[in-house]
Amino acid sequence: MKNPKFRLESLWQNNTFFKVISVLIACIIWVVVAMNMKTDIPREIKEVPVATDNQTSFITRMGLTTIGEEELFVDVTIEGQRLVVGSIKPEDIAVSVDLTSVNGAGKFSLPLVAENVSGKNFTISSISPSTVNLKFDRMVTKKFSLELQMEDLVVPEEGYLMEEAIVNPTEVSVTGPDTDILKIAKCVVPVDYEGNLTKTTVFSSDIILLDKDGNAIDVSGLTIDVKQAEVTIPILRTADLPVKVNFLNVPSNLNLEKLKYTVSNETITVAGPVDEMDKFSEIILGYIDFKTLDLESGYTFDVELPEKFINVAHTETVTVTFDWTEMAAKEFTVTNLSLQNVPIGYDAKLLTDRITKVKIIGPADVLETLTSDDLVAQIDLSKRSVETGQFKTALSIFAPLKDLVWAVGDYTAVVVISEKD
């Protein structure tokens, strides 16, 4: 079966066909008319950014910078042919700030300038807003020492001592507008702690800038190189420790309790770390050698404390004074010499048979009856290495049956040691 032939005459009798043709013709006519119309129409372009980076060199030459600069946007009204203005976008327009009236630091209301950078044919008729408020100032950097605030922090009145707090860092650098930097009176580190501190404690605290009236300064426009500081508050425990002097070369039979002497300070107030104070029950001043303890002798000792301990009362020296009123001195010749602890396998003999001019110190009434027979010179060979030959060695002189008697000075004797056959 054959399809019916398409007949052009039938289109002219179709109403739908005429409607489509009419719309197409109307559109063509509108486009042609719009393209040839000379009348400009307005259009508002929203959210056009305001550029400020292209003005940096201008204000930099005066040593200024824009303070608190934020991203700015304005609305720009343009005029032009319909097809042209309809295609314009915010990036086709450059809006900048006219800085010609800026002559120094301060706040300025500055006009805005818009420019067509698209290459398309349209004009700019207005900017909204037409001005912008900007602040200009010189950026400076200044160092400030940190001050500690700890009004509510206390230590117990008895038994504890707070040393000077340690703040780290000790200073900060603040950068910002010159006018804002001038408002800073001081930088403080507050320690927020209520109650008694009984041990060394470390705090971390924010650094706060204050003006001359003690009010906190807004730091949003400032740059601080350190935001927090570490505060160490050393707490020491105090105690009155007795002082003590030790003696060397004390004769074995001498009773030290009968030796009369006084110490200028019986106790010294010291402070030390809480966890170390219990380790110390006394302060050893130093040593007194009986070989040098002569009539009218007196001794002054520097007070030396362990590391981290402090001398609260600043007692720097202590004097030891002896009571010599009942004591006397006398010289003797000692003939009783003996050897002690001769090494096994060796023979030893003394070549020295007497020690002359031996100075003896003791109670005056004792020395009146003391004779050379009461004195003994003793050599202890265990105190030296075993070697054969003849050598000079130190000896000790004492009165074994007399109390509070000693020899002053150093004395020696010659000894010969040989191996046994």
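Trainee: Why is Lys 308 called exposed?

Mentor: In this predicted model, Lys 308 has a relative accessibility of 56%. Exposed means over 50%, so Lys 308 counts as exposed.

Trainee: Where is Lys 308 found, and what is its phi?

Mentor: Lys 308 is found in the loop between E23 and strand E24 (310-311). Its phi is positive, about 80°, although Lys 308 is not a glycine.

Trainee: What makes Lys 357 count as buried or exposed?

Mentor: Lys 357 has 63% relative accessibility. The cut-off for exposed is over 50%, so Lys 357 counts as exposed. Lys 357 has its place in strand E29 (residues 355-363). Lys 357 has a positive phi of about 50°, although it is not a glycine.

Trainee: What is the omega of the cis peptide bond from Ser 128 to Pro 129?

Mentor: The omega of that cis bond is near -5°. Pro 129 is found in the loop between strand E6 (122-128) and strand E7 (131-137). The peptide bond from Asn 168 to Pro 169 is cis too, with omega near 5°. Pro 169 lies in the loop between strand E11 (166-168) and strand E12 (171-177).

Trainee: How do you know that strand E4 and strand E5 pair?

Mentor: Pairing takes at least two bridges between two strands. Strand E4 (residues 93-97) and strand E5 (residues 106-116) have 5 bridges, so they pair, in the antiparallel sense. Ala 94 has Glu 115 in E5 as its bridge partner.

Trainee: How many bridges join E5 to E7?

Mentor: There are 6 bridges between E5 and E7, which run antiparallel. With at least two needed, these strands pair. In E7, Val 132 is the bridge partner of Leu 110.

Trainee: How many bridges join E27 to strand E30, and do they run parallel or antiparallel?

Mentor: E27 and strand E30 (residues 376-380) are joined by 4 bridges and run parallel. At least two are required, so E27 and E30 count as paired. Ser 338 stands opposite Gln 378 in E30.

Trainee: Which residues touch the most other members of the largest nonpolar core?

Mentor: They are Leu 259, Ile 288, Leu 293, Phe 322 and Trp 406, in a core of 27 residues. Among the elements that give two or more residues to this core are strand E21 (267-273), strand E22 (283-289) and strand E25 (317-322). E19 gives the largest share, 4 residues.

Trainee: What is Ile 288 in contact with, leaving aside its neighbours within four places in sequence?

Mentor: Contact means heavy atoms within 4.5 Å. Among the residues in contact with Ile 288 on that basis are Val 245, Phe 247, Leu 293, Tyr 299 and Phe 322.

Trainee: What is the volume of the largest pocket, and which residues are closest to its centre?

Mentor: The volume of the largest pocket is about 550 Å³. Of the 24 residues lining this pocket, Asn 249, Lys 383, Leu 395, Ser 396 and Ile 397 are the closest to its centre. E30, strand E31 (389-394), E32 and E33 each give two or more residues to the lining.

Terms used: Residues are numbered from 1 along each chain as its sequence is written. This is a predicted model: local features need pLDDT of at least 70, side-chain atom pairs count only at pLDDT 80 or more; totals for chains, interfaces and linings use all residues. Side-chain values use heavy atoms; hydrogens and water are left out. A nonpolar core is a set of buried Ala, Val, Leu, Ile, Met, Phe, Trp, Tyr and Cys residues joined through side-chain atoms within 4.5 Å. Buried means under 20% relative accessible area, exposed over 50%, partly exposed in between (1.4 Å probe, protein chains only). On a 1 Å grid over the protein atoms alone, a cavity is a set of points where a 1.4 Å probe fits but cannot get out, and a pocket is an open set with protein on both sides within 12 Å along at least five of seven lines; lining residues have an atom within 4 Å of a point. Grid points are joined across faces, edges and corners, and a volume is the space filled by probe spheres set on the points.
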